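Open the model in your viewer and keep the selection panel at hand.

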Amino acid sequence: MKRAVLITLALALIALSAQAQEKTRLSIVTGGTGGVYYPLGGAIANVLSKYLPGVVATAEVTSASIDNLKLIGAGKADIAFTMADSAWEGFNGTGKFKGKIPLRALAVLYDNKTQVVTVLGRGIEKMSDLKGKRISTGAPGSGTELIALRLLEAYGIDPEKDVKRVKLSVAESVGAIKDNKIDAFIWSGGLPTAAVIDLAATPGMKIKLLDHSDAIPAMVKKYGPLYVRDTIPAKTYPGQEKDVSILSVWNILAVNEKMDDKLAYAITKTIFEKKPELAAVHKEARHLALENQLKGGSPIPFHPGALMYFAEMGVKRS
């Protein structure tokens, strides 16, 4: 009898071990802790782990878009946050990518607002005033860096000759401007960005956001219809008294084309169905909308699993 009990327990332990080994582990690569990608990526990891049986998802801190896509291509990550222009370069193997990455989109998320941030007293009132100044163009390998370089180029500013350039994350940039190590920084992210709120709320400092939407025609002419005119509404940040005219680019969730169709479908379905839980973590998730998916926000093709969900929900290309 005792032997039978031991055998039964052993078989049960083997079964439990097998079930544990069957778990699907997903790595979601995001961005720095001061932006939107990381908290939103953490929220997505939570809902996937909570609602998809056998799935354990984790959000990883990275330099953001470009590095994220390289990790997808190398098979070292499963889901990537990326800006659309970075995804387009990765898909085509241009720019900082040595070869084409087999990317597919799961969802168009929200539009990323490009923010050129300085503080009063640094002698910067408009984009041309950045010449000769100390500026951060974003973390190396980030989508912010890509946009920052293109934006400076559109204003005839050589980032290697006309400014003293450093490459910092948004959180590091805020620290540097507080310490008077830089005069301005360029950041592309959701509204409001926690690190920029921190700067705006710092006693003795008053932030100034620079208008730059007039650069869009030149950028679109050279790089394609990836950039659109947008606005940062007044009072988005403490002390911001006026609307700011800027450019935006869409953010997307990207995966490798080899991802299983059923898994891609389940991930997409869960993200849209659990939108309220995502929005409770960061309000940019409120912009996740089925009607935005097939309107051209993603320059790369959608994964068949995502398209199955969209078809199920009656979403059609416009």
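The model is predicted, so local features need pLDDT of at least 70 and side-chain atom pairs count only at pLDDT 80 or more, while totals for chains, interfaces and linings use all residues. Numbering starts from 1 along each chain as its sequence is written, and side-chain values use heavy atoms, with hydrogens and water left out.

Arginine 150 sits in helix α5 (helices are DSSP runs of H or I with at least four residues, strands runs of E with at least two, numbered from the N terminus). Now show its partners: leaving aside residues up to four places away in sequence, arginine 150 touches Asp85, Glu89, Met219, Tyr223, Leu226 and Tyr227 (contact means heavy atoms within 4.5 Å).

Next, select residues 143-154 and 216-223, which are α5 and α8. The two helices pack at about 115 degrees, with axes 9 Å apart (axes are lines fitted to C-alpha atoms, for helices over the stretch in contact, and angles run from 0 to 180 degrees between N-to-C directions). On the α5 side the contact uses Ile147, Arg150, Leu151, Glu153 and Ala154; on the α8 side, Ala218, Met219, Lys222 and Tyr223. By class, this contact has six nonpolar, no polar and three charged residues (Ala, Val, Leu, Ile, Met, Phe, Trp, Tyr, Cys and Pro count as nonpolar, Asp, Glu, Lys and Arg as charged, the others, Gly among them, as polar).

Move to the largest pocket, of about 370 Å³. On a 1 Å grid over the protein atoms alone, a pocket is an open set of points with protein on both sides within 12 Å along at least five of seven lines, a cavity is a set where a 1.4 Å probe fits but cannot get out, and lining residues have an atom within 4 Å of a point. Points are joined across faces, edges and corners, and a volume is the space filled by probe spheres set on them. Of the 20 lining residues, Lys208, Leu209, Asp211, Lys242 and Val244 lie nearest the centre of the largest pocket. Its lining has seven nonpolar, four polar and nine charged residues.

Which residues line the largest cavity? Select Leu40, Ile44, Leu109, Tyr110, Ile271, Leu278, Glu284, Ala285 and Leu288. The volume of this cavity is about 50 Å³.
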